[in-house]
Amino acid sequence: HNHAFGTQASSRFRVVGTAARPSAGVKMLLLTTLVAVHSTPLGAASSRRFLILHGSGTSAGAFVNSPSKCGAKSFLSGVPCRTDAGGGGVPSNWQYAPLDAGSDDGTWWKDDDLMKGADASIRSVEAAIWEQGVAGIVGHEQGATLAAILAARSALGEGPPLQFAVLCAAVMPMVGPYTELLLRLRDSPKASIQTLHCLSKLDPEVERGEELAACFAPGAEVLWHEGGTAMPGASWYEQTRGFPDRATGMNRYVTQLGPPRYYKYLENQGENTA
């Protein structure tokens, strides 16, 4: 797979996109407990690459191919995949590697109140980050909470470097060490990472999602959508003005069709690019 890829919830983070908040919110990579189901070598020279972590109760392969609320197919279809990538000012396409939890029930840990096995998942995904040399990480539900922990560790200098994280239906962990990690990040003004939190007022855990987003301020952005715990649809990339591109320091982004869109020009035209 070679893919290119709200109203304000809190004064601590930005809201992006055009969706209004409701008025009421590889090659086969085998790790200890982790399998990457990418079938194409990713190429060490590419910096336009992210890992994607599925939610609980599914697998990496099913996740990226499913159009259901448990899948990422619609979300990933929003990431531009252009035949003219790399020429005429069009950035190279984004690449992604879906990672599998490797558990018998598709979870990254057992029992959300205890998070048994989370440390092993953290070690395994961090090994994949080092091996793949990715710029960012994308997660859904339990995989998004795991991605938030990894992003916090990266920002605090305790894990491998990451430039961004896209967190869909992630929530603030309730287990001591992981809660403390995120609170340390919140209270460390010099530690930062660009994060996009995809939240919905139809998600019963949305308040914990907002609490998590606040820990990543001021680098946190929130995209509100109406899909509940599902990932946002294909429009997310354009709504966020190519968040992965902005987060990695690009001066432009593209959609599936049309010329490159330069952030400075959009800013001069009065469009919000953050």
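This is a predicted model: local features need pLDDT of at least 70, side-chain atom pairs count only at pLDDT 80 or more; totals for chains, interfaces and linings use all residues.
Is Pro91 buried or exposed, as judged by its relative accessibility? Residues are numbered from 1 along each chain as its sequence is written, and side-chain values rest on heavy atoms, with hydrogens and water left out.

Pro91 counts as buried, because its relative accessibility is 6%, where buried denotes under 20% relative accessible area, exposed over 50% and partly exposed the range in between, with a 1.4 Å probe and protein chains only. The residue is placed in the loop between α2 (73-77) and β5 (95-100), helices being DSSP runs of H or I with at least four residues and strands runs of E with at least two, numbered from the N terminus. Beyond its neighbours within four places in sequence, Pro91 is in contact (heavy atoms within 4.5 Å) with Arg48, Ala85, Gly86, Met250, Arg252 and Val254. Pro80 lies eleven residues from Pro91 along the chain, and their C-alpha atoms are separated by 9.9 Å.

Residues up to four places away in sequence not being counted, His54 touches, among others, Phe63, Leu99, Asp100, Trp108 and His140. The side chain of His54 also reaches the backbone nitrogen of Ala101 at 3.0 Å. Between His54 and Ala72, 18 residues apart in sequence, the C-alpha to C-alpha distance is 8.2 Å.

Across the protein chain, which has nine helices and eleven strands, 55% of the 274 residues count as buried. Helix α6 (residues 206-215) is largely enclosed by the rest of the structure, because eight of its ten residues are buried; these are Val206, Arg208, Gly209, Glu210, Leu212, Ala213, Ala214 and Cys215. The buried residues of α6 pack against the helices α4 (142-155) and α5 (176-186) and the strands β8 (194-199) and β9 (220-224).

A pocket is here an open set of points, on a 1 Å grid over the protein atoms alone, where a 1.4 Å probe fits, with protein on both sides within 12 Å along at least five of seven lines, and lining residues have an atom within 4 Å of a point. About 270 Å³ of space lies in this largest pocket, the volume being the space filled by probe spheres set on the points.

How values were computed. A polar contact is a pair of N or O atoms within 3.5 Å; within protein, one must be able to donate a hydrogen and the other to accept it, and residues adjacent in sequence count only if both atoms are side-chain atoms.
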